[in-house]
Amino acid sequence: MTTPSDPSPAPALTSALHLERAHHDTCRAALAAMVDGAQEQVVSGVDVSASGADAEVLGYRLRSKAKEMRELPEGPLFFGKLEFGDEGGEHAGQTYHVGRLRVGEHPAAPPLVVDWRAPVSRAFYQASARDPQGVAVRRRFGWAPGSKGDSADLTGLEDEHLGRGESKAGGIVVQEIERPRVGPMRDIAATIQPEQDDLVRGDLAVSVCVQGAPGTGKTAVGLHRAAYLLYTHPQRIRRGGMLILGPNRTFLTYISEVLPALGETGVRQSTLGEEIGRHAVTGVDRPDTARIKHDVRMAEVLRRALYARVSADAAGPVVIPEGSYRWRVPEEAFAAIVAGVRAEEPPYGVGRERVRERLVAHLRARAERRAGPPPHSWLRRMTRAVGPYVDAVWPRVRSEEVVAELLRGERETDTLEVRERRALLWERPPRSWRSARWSAADLVLLDEVAGLIEHPEGYGHVVVDEAQDLSPMECRAIARRAAFGSLTVLGDLAQGTTPWAARSWGTLLAHLGKPDTAVLPLTVGFRVPEAVVGLANRLLPRLDVDVPAGRSLRRDGELRLRYAPDDLPGAVVDAVREALAREGSVGVVAAEADVPRLRSALGTAGLPPSAPDDLTARLTLVPASLVKGLEYDHVVAVEPAAIAEAEERGLQRLYVVLTRAVSGLEVVHGRELPF
C-alpha cells in the first residue's frame, strides 16, 4: 500500500495511483452526466405518448429516479477492483471496479463501476487464495476526505494476488473498520466479510435470523441485505414494500444514512410503536400490568372478547316488506348462515359481509324461484334492508371498544388467573374509550383486535433489528404485516433487556409466524476490541441464554478500570478528558439515576455533554437504557453495579453497555464490580 505520507513510493505504485485517479475523474464525469440525463428524462417524459394513469405512473417513476440520483451522497465512486485471470470463465481477462452503485457512460456500454450487489461483484467478497474464483488480483483503495473541490482523494491502494496464492487482511480494510465513529452509522460495502456476504445475498423468499454477538455487524448486514434485495428484486419489492423496524427513533436516526449511501432511498424506517400507533401514548402501566398485556395469552383473551359478540342464537326470522309481499328467511336458515360463517373463522369484518351476502343470496334464490332473476336495483335494496339483521347477530365493532370493555372488567375470561385479570383493570376507568389514556402496551392490544377485524396492509420484506426484545404480542403485530412476505430478524439473545425478552429464537420465530426460519450465528467481531469482548463474555454464564461467546479479530484497543470510591463524578471527568485527547467520539454511559449528577459534573468542568440523538457530537452522555445499537470510539462506563441493579434484566443491560466501545473502554466504579 502507498499513501501520501510515504516519502518515496515505488514508481509502479505511483503510476497505478495516477491511472486510478484518472479513472475516478472519468467516473465522476459520467455520474454527473447520469444525473443530468435523469433530470432530462423528467422534462421530456411529459411528451411521451402514454396518457392518463400510464403517464402519471411514468412521470412519478422518472421524478423518483431523478430525485434519487440528485440525492446520492458524495464520496468515492469505487472501493475495489477485480482483475480476472485466464480461469475467470465468462469474465476471463476482464477488469471491474466495484463501488456502491453502477456508473456508466451509457446504459448499453460496459460499466465504469459495477454495483457491489451485481453477481460479478460477489468474487470481491468471497474470493481467497484457497478459492480464487478466477480472480488474479483483488485491489482495495484507500480514500481521504477530498481537497481542491473533490469529494474524496485516492490516497493508497493494496493488491492481493489471489491467483498466486497470496491473500491477506491488509491495512486498508483494518483502517476502514477502525475509522473513528462520529456521526451516523456508515455502510460496510467496502469491508463485507464472506460470512456476512452469505447472509446479505440470501433469497428474498427465505426468512433468516441472525444471532450476532457484539461487534459482528449484524445491523449492517441487515441493512445491506435490504439494499441487495431492492437491487435484485426491484419490481417485487416495489409491489410488496419494505419496512425497516428499529427499537427507537434514536437508533433509526443513527442508521438512517446507510441505505441512501448505497443508492436506496424511500424505504420506510420505523419503530413498531409508530407502525401500530392508532392513538398517542398518554398512559403508563405498572410493570406487572405491562407484562400481562405483552403475554401471548392475551391473543386468545382478545379473540374471545371480540367473537363473543357474534351470536347465532340472536338470529330471529328475517322479514323484509316489499309492497304487500314479505320476503322471509326462516330463523333456522339465518342461524345456520351465522354458524357456518363463524366456523370458517374469517376476519371479523369479512365475516360480517359474508353473513350479509349469504342472507341476500338466500333471498335472491327465493326471488328467482318466484319470478326469475331480480334486477340489480332489487339486490341493492335487499343488501341495505338486511343490515339491521346482520348487526343483531354480528355487530359492527371497533378495536377500542373491545379493549376498553376488557380493561373495565366487563368481559370475563378464564384464560388468565384472577390476580392477572385484576392487574389488567384500569384504576380509574374512563367514561368511554374516546377519553381513554392508552399505554404503549394497550396499542399492542388494539392492533391485535384490529388485525382480527381486518388484516393490515403487509410488506414484501421486513427487517427487524434488536428482535430479542420483542414480546410475543409485538411479534404477532409484525407477523400480521409479513404474513405473505419474508423477514430478516437481527438480534442477540444476550442483549435482551425487556422483561419479556426472548430466551430462545425458536419461540420468538414461532410468534413471528416463521417457525422454520434458520438461525445463523455471527460470532467473529471486527469492531469491539478483543479485551472488551473478553470482559463482556464474563457475564454470559449469568444471562440465562444459550448463545456462543463472541470473539474479536482486533488485538488493539484499551481496557481500563478506574476505582474511585470517594469522588466518582470527578473520576468520570478525568476519564472523559483523557478520552477527548484521543481521536473519535466519546460516550459516557450510566444508570438513569446517575445521569443528572454526571451531566452537572461534566458541565461544571467545562465539558457539557450532548444528548444521545446528537450524532455529530464528540461527547455524549447516554442512559444505559438508550445505548443499545449505538457505538462510540471511547466509552466511559460508570458504576456497573448501579446499571446491573437498575432493573430486572440489569446484567443484560450491563452486557450491552460494555460492548459499545470501538477503540477503548474505561470502567469507572466506586463499588464492587459485578463481573
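The lining of the second largest cavity comprises 6 nonpolar, 1 polar and 1 charged residues (Ala, Val, Leu, Ile, Met, Phe, Trp, Tyr, Cys and Pro count as nonpolar, Asp, Glu, Lys and Arg as charged, the others, Gly among them, as polar). The model is predicted: local features need pLDDT of at least 70, side-chain atom pairs count only at pLDDT 80 or more, and totals for chains, interfaces and linings use all residues. Residues are numbered from 1 along each chain as its sequence is written, and side-chain values use heavy atoms, without hydrogens and water.

The lining consists of T219, L223, I244, L245, I255, V463, D465 and L490. At least two of the lining residues come from α6, and at least two from β7 (242-246). This cavity holds about 30 Å³. The whole structure has 2 cavities of 30 Å³ or more. A cavity is a set of points on a 1 Å grid over the protein atoms alone where a 1.4 Å probe fits but cannot get out; lining residues have an atom within 4 Å of a point. Volume is the space filled by probe spheres set on the points, which are joined across faces, edges and corners. Helices (H or I, at least four residues) and strands (E, at least two) are DSSP runs, numbered from the N terminus.

Aromatic pairs number 11 (ring centres of Phe, Tyr and Trp, its six-membered ring, within 6.5 Å; planes under 30 degrees apart are stacked, over 60 edge-to-face, the rest tilted). F124 and Y125 pair edge-to-face, at 5.3 Å centre to centre and 90° between the planes. Ring pairs also join F78, F141 and W143 in a cluster.

Technical notes:
1 Å grid on protein atoms, 1.4 Å probe; cavity = no way out; pocket = protein on both sides within 12 Å on 5 of 7 lines; lining within 4 Å.
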